[in-house]
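Here are my notes on the model, in the order I would go through it with you. Have it open while you read.

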Amino acid sequence: MAAVVKAMANKAMAAASEVYCAQLGHKLKIYGLRYEDLMVKHPVVEEAIDLQAPHVNTGRVRRIKRGSDLSYKCKNMQDYAPDAEINMWKPEIIPMVEKIEKREEEYELLNKGW
């Protein structure tokens with residue numbers, strides 16, 4: 001019984017996830033942003049950004065500034081660069097965030113003494 005409920009919940013979450021990704025992707029495309037540009041800054045994310053290559057951080061800052069400018073002007077990215085191909089889901093920072101979180105968990109386990 002529990003397996004059936006879990007399978008149904010997974011199907012519902014998958015459907016909701018697809019709708020959410022489509023809507024978010026549309027909004028990101030309007031402002032020329034990537035999903036990772038929306039990450040909330042906290043110590044782990046800031047450390048991951050610091051550990052990235054300089055061009056990753058520069059690109060992130062420029063996309064955020066451009067998105068803010070487009071929002072202020074009530075313009076669309078397609079007005080300025082209609083042929084621009086933006087990979088909104090390209091992972092650059094998230095893999096490093098995951099590594100740092102695993103490291104922090106390992107430190108915590110080692111400090112506990114298991």
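Which side chain does Arg34 meet in a salt bridge? Glu92 is the partner, at 3.0 Å from N to O. Before the points, two housekeeping remarks. This is a predicted model, so local features need pLDDT of at least 70 and side-chain atom pairs count only at pLDDT 80 or more, while totals for chains, interfaces and linings use all residues. Residues are numbered from 1 along each chain as its sequence is written, and side-chain values use heavy atoms, with hydrogens and water left out.

1. A salt bridge here is a side-chain nitrogen of Lys or Arg within 4 Å of a carboxyl oxygen of Asp or Glu, and the structure holds 6 of them. Helices are DSSP runs (H or I, at least four residues), numbered from the N terminus. Both residues are buried, where buried means under 20% relative accessible area, exposed means over 50%, and partly exposed is in between (1.4 Å probe, protein chains only).

2. Next, have a look at Arg63 and Asp37. Their side chains meet in a salt bridge at 2.8 Å, N to O. Arg63 lies in helix 3 and Asp37 in the loop between helix 1 and helix 2, so the pair ties together parts that are 26 residues apart in sequence. Arg63 is buried at a relative accessible area of 13%, and Asp37 is buried too, at 8%.

3. What surrounds that pair? Leaving aside residues up to four places away in sequence, Arg63 touches Gly32, Leu33, Arg34 and Asp37. With the same exclusion, Asp37 touches Arg60, Arg63 and Ile64. Contact means heavy atoms within 4.5 Å.

4. Then there is Arg103, which forms a salt bridge with Glu47, the closest N and O atoms being 2.9 Å apart. Arg103 lies in helix 5 and Glu47 in helix 2, so this pair ties together parts that are 56 residues apart in sequence. Arg103 counts as partly exposed at 27% relative accessibility, and Glu47 is partly exposed at 26%. Elsewhere, salt bridges that share partners join Arg34, Lys90 and Glu92 into one network.

5. Don't skip Gly67 in helix 3. Gly67 is buried, with a relative accessible area of 7%. Gly67 and Lys29 are 38 residues apart in sequence and 9.8 Å apart in space, C-alpha to C-alpha.

6. On the surface, Tyr20, Tyr35, Leu38 and Trp89 form a nonpolar patch with about 420 Å² of accessible area together. Patches are made of residues with over 30% relative accessible area and no salt bridge; like charges are joined within 9 Å and nonpolar side chains (Val, Leu, Ile, Met, Phe, Trp, Tyr) within 5 Å. The areas come from the Shrake-Rupley method with a 1.4 Å probe, and for residues only the protein chains shown count as cover. Leu38, in the loop between helix 1 (2-31) and helix 2 (43-51), counts as partly exposed at 44% relative accessibility.

7. Last, the cysteines. The structure holds 0 disulfides, a disulfide being a pair of cysteine sulfur atoms within 2.5 Å. Cys21 counts as partly exposed at 33% relative accessibility, whereas Cys74 is exposed at 71%.

Terms used. Helices (H or I, at least four residues) and strands (E, at least two) are DSSP runs, numbered from the N terminus.
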